[in-house]
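Please set out what can be read from the model shown here.

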Amino acid sequence: MIDYDLELRHHNDVLRIAYAIRASDRVVDVGCGTGQTTRDAARLATAGTVLGIDRSAEMIERARALTSAAHIGNVEYVCANAEEQELPRERFDVAISRFGTMFFSRPVAAFAQLRSALRAQGRLVMMVWQSRDRNEWATSIERALASDEASASAEPQAFSLGATDVAERILDSAGFLAPRFEEVRAPVFYGRDVDAAFEFVSEFSTVRERIAGLDSGPRAHAVDRLRDLLARHQAADGVWFDSRAWIVTAHRE
Ligand SMILES: C[S@@+](CC[C@H](N)C(=O)[O-])C[C@H]1O[C@@H](n2cnc3c(N)ncnc32)[C@H](O)[C@@H]1O
């Protein structure tokens, strides 16, 4: 299971402030993973509640264990597809997400559902990747793994909200008002050394699929090129890549 908390530590520092969660807020965290952001929200919503939703049973199990170990009581988790799970209407003050909203197959319907789960003054605060060409981690890993045999991969869903005009259109069609985009340029951390970073990026579905699609000779070369790339990004405190994300804020009304 990928541990996003270390990877995204710089992003999270900015995002936690952007949530602007108040003590009495009711919060929903979409695609909450193992729940770091859910717990962050719960610590701020001291008189409120937080619901974390993720479709991965493994992630939710880990989120529950970490939350109970942290003695946080105002959190509930649901293992469900946020696109299909019916949410209570007009229930939440804030919908948050750290890189959990880019994977919807029907984004307008999914965001419309999320909007109707918000109360009158409710807000959406989500972090999404900017486009792939603005994310060094994606382009350089892709280049390292490219070979004659590997066809160019389709634009991964991780970047589906990266173009502001596309994201704006989706949010607008879903009924959200006044979307704002704040750039976050911060490095992502992949591990303390090349071995740890290789293990980390090998869990990315794009990396797994690309390597699995190669015959043994080209696969060995691709792995060598990937390890070389990671070595070039090794700093004294670990392996880092540049990245660019948006914090997108929008209102129910
Ligand atoms: C990149 S991870 C981010 C996890 C977490 N927000 C974090 O920052 O640590 C994306 C997460 O979104 C979840 N996810 C993607 N699509 C989803 C959907 N339709 N419903 C619920 N969870 C979803 C995945 O299972 C995964 O845990």
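The briefing below goes through the model by topic.

This is a predicted model, in which local features need pLDDT of at least 70 and side-chain atom pairs count only at pLDDT 80 or more, while totals for chains, interfaces and linings use all residues. Residues are numbered from 1 along each chain as its sequence is written. Helices (H or I, at least four residues) and strands (E, at least two) are DSSP runs, numbered from the N terminus.

**Main sheet**

- An open sheet is formed by seven strands, in the order β3-β2-β1-β4-β5-β10-β6, with mixed pairing; two strands pair if DSSP finds at least two bridges between them.
- β3 (75–79) and β6 (177–185) are the edge strands, each pairing on one side only.
- On average, neighbouring strands of this sheet are turned by 15 degrees against each other, direction ignored. Axes are lines fitted to C-alpha atoms, for helices over the stretch in contact, and angles run from 0 to 180 degrees between N-to-C directions.
- Helix α4 (residues 57–69) packs on the sheet and touches β2 and β3, and its direction makes about 165 degrees with that of β3. Contact between two residues means that their C-beta atoms, placed from the backbone, lie within 7 Å.
- β6 and strand β10 (residues 244–251) run antiparallel and are joined by seven bridges. L177 has H251 in β10 as its bridge partner.

**Pairing of β7, β8 and β9**

- Three bridges pair strand β7 (residues 188–191) with strand β9 (residues 238–241) in the antiparallel sense. Opposite V188 stands F241 in β9.
- Strand β8 (residues 234–235) also pairs with β9 in the antiparallel sense, over two bridges. A235 has G238 in β9 as its bridge partner.

**Ligand shell**

- There are 19 residues around the ligand, of which Y4, G31, G33, A82 and R98 come nearest. A residue is near a molecule or strand if its C-beta atom, placed from the backbone, lies within 6 Å of it.
- α3 (36–44) and β2 (49–54) are the elements that give two or more residues to this shell.
- The shell has eight nonpolar, seven polar and four charged residues. Ala, Val, Leu, Ile, Met, Phe, Trp, Tyr, Cys and Pro count as nonpolar, Asp, Glu, Lys and Arg as charged, and the others, Gly among them, as polar.

**Burial of α3**

- α3 is largely enclosed by the rest of the structure, because seven of its nine residues are buried. A residue is buried if 20 or more other C-beta atoms lie within 10 Å of its own, exposed if 12 or fewer, and partly exposed in between, with C-beta atoms placed from the backbone.
- Q36, T37, T38, R39, D40, A41 and A42 are the buried residues of α3.

- V30 lies in strand β1 (residues 26–30) and is buried, because 25 other C-beta atoms are within 10 Å.
- Not counting residues up to four places away in sequence, V30 touches I53, A82, A95, S97, G100, T101 and L114.
- V30 and T139 are 109 residues apart along the chain, and their C-alpha atoms are separated by 27 Å.
- V128 belongs to strand β5 (residues 118–129) and counts as buried, because it has 21 C-beta neighbours inside 10 Å.
- Neighbours within four places in sequence aside, V128 is in contact with F99, T101, M102, L161, G162, A245, W246 and V248.
- The C-alpha atoms of V128 and F99 are separated by 5.0 Å, with the two residues 29 apart along the chain.
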